[in-house]
Amino acid sequence: MEEMIVAEGLHKRFGDTRALRGLDLRVPAGTVCGVLGPNGAGKTTAVRILATLSDPDSGHARIAGHDVVREADRVRGLIGLAGQYAAVDEKLTGRDNLRMFGRLHHLSRAAARRRADELLERFGLAAAADRLVSGYSGGMRRRLDLIASLIVRPRVLFLDEPTTGLDPRSRGEIWDAVRALAGDGTTVLLTTQYLEEADRLADDIAVVDHGRVIATGAPDALKATIGDRLDVVLEDPALGDRAAAVLSALAGAAAEAEEDRLSVAVRGGRVRLADVVRELDRAGVAAADVALRRPTLDEVFLRLTDETPKEAAR
Amino acid sequence: MTALSPAPLATPATRLRWAVADGLTLVGRELGRIRREPGQLIAALIFPAFMVLLFGYVFGSAIKVPGGGNYREYLMPGLFTMVTFTSVMAVTLNVATDAANGVMDRFRSMPMARSAVPFGQTGADALLGVLNMVIMAGAGLVVGWRPHHGVVATLQAFLLLAALRYALSWVGCYLGLVVKNERTADQLIPLVFPVTMISNAYVPTDGMPAWMRVVADWNPVSAATAACRDLFGNPGVPAADASWPLAHPVAAVLLWTVVLLAVFVPLSIRTYGRRGR
């Protein structure tokens, strides 16, 4: 498959801070890549380099085969960028903003007007189109910012934490918009701190920590790397030790106890619920609830970022 | 979705045309902002007219013009100059706001000419400057100020001020690109006052301490004020043995204009185009 975004060994430092420490990334055309990482992991720096706003100290990056440093103009014609700060003019109306960006993309006056109307309609901003952006809600601003990056349909769309600070409903609206774009074949690179967001939108996830990609894969594949979890709620917390011994023996891993709850990691397919219930019963432990569940991406994330050597932070 | 494909790479001629078109689009943007929020414009225009009344009648009641004459006739060239210098801060604020809220990053990520944004910002200020001058001149005429040397000299004075203002707006553009945040830009605004005050704009420099008088004489505000007094035929024209910028005020203002443009146009465009953060 054609690779739309390629980053190889990107390094970037700001004074004493090493924002990127050899970041590698490959995003196939037409997919949504979720770049997941905590604050300060280097997500925004990576996006700024890929979007030609910043030069890497070393390493290379290409968009659709064009180098982001040497062929920056070419790249700028292929990309759209929307971010955590709504990059629109607050002192203009929504419609004026879109027309201006249309003109700056060298559409004719008529085409810029048509395109603005079309996008406002499609993304539910038509009613607010003639109000000043300074009076928009956070969600509306972010949506306007997103559509401002779609005036000329980009081959690659960068979304830098597009829903940070939004309420759940506005977040849902941005998600719908991103899904619609991905459906049109746009390659999307989305950075986020929200695991749920990456889980719902991304075909592939790159987990970034301390300026490096520490894991990649489809959301399900990443979850599978740490296995399922077996959760047991006891009727009598006093029997916790006995129950923990049973669970540890079954799962082959140490069970963690918290009040009347026990939890243990299990490798895929190794434990059956019926066995758990039977073994607990045999040990004389009554369980109020027994459940086998997939880990959340949060758990995967915490596990992965926890494993990154601490001294790497320096 | 309409299949609008990205624009192909262009020839140098097309790129130049686009650069001009982009600059004009951004000038249009400023005008659009004014249309949506006329209150700000009105405030910006009324302020200078208010200054005419305030300075003209408060200071005018106490200050004696060297060589005699009406203080308000003496004052108007100074106020024209002061308003010209405020463009530095106006442009600084606009550019810093764009840099702070991310609009500038969007411009940078688009296939636009690197020079379009600085040219757009300074071009819009130039239009505002023309409007400012018209209002000021109107207020001046009301309080008794008159140009005495005919249409040509009067136009020359206003053209000189317009050129200086345009050069100063590039200083503002550069400052805005450097401070990159509205709050810092806001705090810089009061600095324009000492720059305009330590000059011959409102009072004769004769009475100032010697060191301050040197600063005032070489202040471009003084040269611009002296040039206007000269061309309008208003009182307070410096004696021929004054320091060079005051003895040759028109040449001094033109020199300032050329030097500021030569330094700050390339500096601004380079700073805008620099990719670092």
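According to an unreviewed UniProt entry, the feature "transmembrane region" falls at residues 41-59, 79-103, 124-145, 157-179 and 246-269 of chain B. The structure considered here is a predicted model, and in it 34 residues of chain A are in contact with 28 residues of chain B.

**Annotated spans of chain B**

- The unreviewed UniProt entry also lists "domain: ABC transmembrane type-2" for residues 39-275 of chain B; in the model this span is 76% helix and 0% strand, and its end C-alpha atoms lie 36 Å apart.
- Among the spans that the record gives as "transmembrane region" is 79-103 of chain B, which is 96% helix and 0% strand in the model, with 34 Å between its end C-alpha atoms.

**Helix pair H2(B) and H5(B)**

- Helix H2 (residues 38-59) of chain B and helix H5 (residues 116-142) of chain B have axes that come within 9 Å and cross at roughly 30°, and H2(B) is therefore roughly parallel to H5(B).
- The crossing in which H2(B) passes H5(B) is right-handed.
- On the H2(B) side the residues that meet H5(B) are B:Leu45, B:Pro48, B:Ala49 and B:Val52, while H5(B) contributes B:Leu131, B:Asn132, B:Ile135, B:Met136, B:Ala139 and B:Gly140.
- By class, the contact of H2(B) with H5(B) comprises eight nonpolar residues, two polar residues and no charged ones.

**Helix pair H3(B) and H10(B)**

- Helix H3 (residues 71-101) of chain B packs with helix H10 (residues 220-232) of chain B at an angle of about 135°, their axes being 8 Å apart, so that H3(B) is oblique to H10(B).
- H3(B) likewise passes H10(B) in a right-handed crossing.
- The contact draws on B:Pro77, B:Gly78, B:Phe80, B:Thr81, B:Thr84 and B:Phe85 from H3(B), and on B:Val221, B:Ala224, B:Thr225, B:Cys228, B:Arg229 and B:Phe232 from H10(B).
- Seven nonpolar, four polar and one charged residue make up the contact of H3(B) with H10(B).

- The domain assignment divides chain A into domain 1 (3-220) and domain 2 (228-293), whose centres, taken over C-alpha atoms, are separated by 44 Å.
- The axes of H3(A) and H4(A) come within 8 Å and cross at roughly 130°, which means that H3(A) is oblique to H4(A).
- The two helices H3(A) and H4(A) make a right-handed crossing.
- In this pair A:Gly94, A:Arg95, A:Leu98, A:Arg99, A:Gly102 and A:Arg103 of H3(A) meet A:Ala111, A:Ala112, A:Arg113, A:Arg115, A:Ala116, A:Leu119 and A:Leu120 of H4(A).
- The contact of H3(A) with H4(A) has six nonpolar, two polar and five charged residues.

**The side of chain A that touches chain B**

- The residues of the side of chain A that touches chain B divide by class into 14 nonpolar, seven polar and 13 charged.

Note on methods
Residues are numbered from 1 along each chain as its sequence is written. Chains are lettered from A and ligands numbered from 1 in the order in which they are written. This is a predicted model: local features need pLDDT of at least 70, side-chain atom pairs count only at pLDDT 80 or more; totals for chains, interfaces and linings use all residues. Two residues are in contact if their C-beta atoms, placed from the backbone, lie within 7 Å. Ala, Val, Leu, Ile, Met, Phe, Trp, Tyr, Cys and Pro count as nonpolar, Asp, Glu, Lys and Arg as charged, and the others, Gly among them, as polar. UniProt positions are given in the numbering used here, feature names are shortened, and annotations may be inferred rather than shown by experiment. Helices (H or I, at least four residues) and strands (E, at least two) are DSSP runs, numbered from the N terminus. Domain bounds come from an automatic or database domain assignment. Axes are lines fitted to C-alpha atoms, for helices over the stretch in contact, and angles run from 0 to 180 degrees between N-to-C directions. Angles under 35 degrees count as roughly parallel, over 145 as roughly antiparallel, 65 to 115 as roughly perpendicular and the rest as oblique. A crossing is left-handed if the near helix is turned anticlockwise from the far one by less than a right angle, and right-handed if clockwise.
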